[in-house]
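This report walks through one protein chain, from its overall build to selected residues. Please keep the sequence and the structure in view while reading.

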Amino acid sequence: MASDVSRIKATKLVGQDFSVQAAIADVLKNNRLIAEAARAAGVASPLLDACHALYRETVALGHGQSDMVAVVRAIEARTNNGLTPAPHVSQA
């Protein structure tokens with residue numbers, strides 16, 4: 001892992017430590033703002049769109065105030081439900 005943030009988040013993810021450093025709800029908001037700016041500039045943002053869907057699902061699962069690594073809960077929910085929804089950006 002190249003960055004300090006990546007190393008910290010990897011450790012939190014492996015340890016299922018969801019104590020907040022960057023809350024999912026805040027990451028969702030920032031992701032939306034960046035994606036909107038990209039669209040306004042005419043830039044495609046497929047990875048932002050995929051992340052937005054996962055962050056939104058994580059909030060919907062009740063993890064909005066958990067650290068962003070709690071996004072694994074949305075991935076687990078998709079896996080357990082056999083779902084892989086297409087990304088869709090909303091005004092969440």
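Predicted model: local features only at pLDDT ≥ 70, side-chain atom pairs only at ≥ 80, totals over all residues.

## Overall build

Helices, in the sense used here, are DSSP runs of H or I with at least four residues, strands are runs of E with at least two, and both are numbered from the N terminus. On that basis the protein chain holds four helices and zero strands, and its pattern, read along the sequence, is α-α-α-α.

Of the 92 residues in the protein chain, 29% are buried. Among contacts with a separation of 6 or more, 64% are accounted for by residues 24 or more positions apart.

In soluble globular proteins, nonpolar side chains tend to be buried together. The largest nonpolar core in this model has seven residues, namely Ile24, Val27, Leu28, Leu54, Tyr55, Val71 and Ala74.

When its neighbours within four places in sequence are left aside, tyrosine 55 is in contact with Ile24, Val27, Leu28, Asn31, Met68 and Val71.

## How H3 meets H4

Two packed helices are described by the angle between their axes and the distance between the axes. The axes of H3 and helix H4 (residues 72-81) come within 8 Å and cross at roughly 90°. Angles of 65 to 115 degrees count as roughly perpendicular, and H3 and H4 are therefore roughly perpendicular to each other. On the H3 side the contact is made by Ala53, Leu54, Glu57, Thr58, Leu61 and His63, and on the H4 side by Arg73, Ala74, Ile75, Ala77 and Arg78. By type, the residues of this contact divide into six nonpolar, two polar and three charged.

Alanine 53 has its place in helix H3, and because its relative accessibility is 1%, it counts as buried. Alanine 53 and alanine 74 lie 21 residues apart in sequence, while their C-alpha atoms are 9.2 Å apart in space.

## Buried charged residues

Lysine 12 is found in helix H1 (residues 4-14) and, with a relative accessible area of 5%, is buried. Apart from neighbours within four places in sequence, lysine 12 is in contact with Asp17, Phe18, Ser19, Gln21, Asp67 and Val69.

Aspartate 49 lies in helix H3 (residues 46-63). Its relative accessible area is 18%, which falls under the 20% limit, so aspartate 49 is buried. The side chain of aspartate 49 makes a polar contact, at 3.2 Å, with the side chain of arginine 39.

Alanine 38 is found in helix H2 and counts as buried, given a relative accessibility of 13%. Not counting residues up to four places away in sequence, alanine 38 touches Val43 and Ser45. Alanine 38 and leucine 48 are ten residues apart in sequence, and the distance between them in space, C-alpha to C-alpha, is 9.5 Å.

Glutamine 16 lies in the loop between H1 and H2. Most residues other than glycine have a negative phi, whereas glutamine 16, although it is not a glycine, has a positive phi of about 50°. Its relative accessible area of 49% makes glutamine 16 partly exposed.

Notes: Residues numbered from 1 in each chain as written. Heavy atoms only, no water. Buried < 20%, exposed > 50% of the residue type's maximum accessible area, 1.4 Å probe, protein only. Polar contact = N/O pair within 3.5 Å; in protein donor to acceptor, adjacent residues only side chain to side chain. Core = buried A, V, L, I, M, F, W, Y, C linked by side-chain atoms within 4.5 Å. Contact = heavy atoms within 4.5 Å. Axes fitted to C-alpha atoms, helices over the stretch in contact; angles between N-to-C directions. Parallel < 35°, antiparallel > 145°, perpendicular 65-115°, else oblique. Nonpolar A, V, L, I, M, F, W, Y, C, P; charged D, E, K, R; others polar.
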